[in-house]
Structures are given as C-alpha cells and as structure tokens.
Amino acid sequence: MVKDMLKPSKADEKRTHKLKRLVQEPNSFFMDVRCADCFTITTVFSHAQTVVYCSNCSTMLCTPTGGHARLSEGCSYRKKTM
C-alpha cells in the first residue's frame, strides 16, 4: 500500500501527534456553549480543568475529565473561529 507523505488524508493527520503533523496545530479549541435553561452563550475552553457555570442561572455547563471537558445534558456548542 503506497502512502502519499506530502498530502496525507485528514483522517491520517487527525490521528498523528499534534507536533508530528505536516502543519502543527493544537488539539484544543475555544467553544461557545449555550445554556439549556436560559440560552445565554458562554465561551469555554475545550480542555477546561474546572467546572464552568452559567453566569445568569448558575447551571453547570461542563465538567472536567482527563482530557476534554464533558458538556452537561442539553447544552450545545460550536467551535469558535479566529
């Protein structure tokens, strides 16, 4: 099986380590999380290490895990673009 080293597929790039990719990029990102109760939008880091609460209604938006933060039930998110 022949692999093109100059133009790897997106799946191959995602699987490799962040520093060994053709163009280095981090695995983490910022995201806009919408509260399930009051629908306000809060910016959260994808690898948050603390519990994040909604500023209006104090509902828990996400909890930390070993890697990515786990969103609470009913919360939706989108990646922030720079």
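The model is predicted, so local features need pLDDT of at least 70, side-chain atom pairs count only at pLDDT 80 or more, and totals for chains, interfaces and linings use all residues. Residues are numbered from 1 along each chain as its sequence is written, and side-chain values use heavy atoms, with hydrogens and water left out. The protein chain has 1 helix and 6 strands. Helices (H or I, at least four residues) and strands (E, at least two) are DSSP runs, numbered from the N terminus.

**Overall build**

- Read from the N terminus, the elements follow the order α-β-β-β-β-β-β.
- The radius of gyration of the protein chain is 17 Å, whereas a compact globule of 82 residues would have one near 12 Å. This radius is taken over C-alpha atoms, and the globule rule is 2.2 Å times the number of residues to the power 0.38.
- Along the principal axes, the C-alpha atoms fill a box of roughly 55 × 25 × 20 Å.
- Of the 82 residues, 21% are buried. Buried means under 20% relative accessible area, exposed means over 50%, and partly exposed lies in between (1.4 Å probe, protein chains only).
- Among contacts with a separation of 6 or more, 27% join residues 24 or more positions apart. A contact means heavy atoms within 4.5 Å.

**Surface and charge**

- The accessible surface is about 6700 Å², and carbon and sulfur atoms own 56% of it. The areas come from the Shrake-Rupley method with a 1.4 Å probe; for residues, only the protein chains shown count as cover.
- There are 13 positive and 7 negative side chains, with the centres of the two sets 3 Å apart. Lys and Arg count as positive and Asp and Glu as negative, while His and the chain ends are not counted. Each charge is placed at NZ of Lys, CZ of Arg, CG of Asp or CD of Glu.

- Strand E1 (residues 30-34) runs antiparallel to E2, and 5 bridges join them. Two strands pair if DSSP finds at least two bridges between them.
- Asp32 has Thr43 in E2 as its bridge partner.
- Strand E2 (residues 41-45) has a covered face of Thr42 and Val44. Its uncovered face holds Ile41, Thr43 and Phe45.
- The hairpin has 6 residues between its strands, and Phe39 takes a positive phi near 65 degrees there.
- Thr40 sits in the loop between E1 and E2. Beyond its neighbours within four places in sequence, Thr40 contacts Val33, Arg34, Cys35, Cys54 and Asn56.

**The E3-E4-E5 sheet**

- Here 3 strands make an open, antiparallel sheet in the order E3-E4-E5. Strand E3 (52-53) and strand E5 (70-71) are at the edges with a single partner strand each, so one side of each has no neighbour in the sheet.
- E3 and strand E4 (residues 60-63) pair over 2 bridges. Met60 in E4 is the bridge partner of Tyr53.

- His68 lies in the loop between E4 and E5. His68 is partly exposed, at 43% relative accessibility.
- Leaving out residues up to four places away in sequence, His68 touches Asn27, Phe29, Ser46 and His47. His68 and Ser46 are 22 residues apart in sequence, but 5.7 Å apart C-alpha to C-alpha.
- Thr16 lies in the loop between helix H1 (10-15) and E1. Thr16 is partly exposed, with a relative accessible area of 32%.
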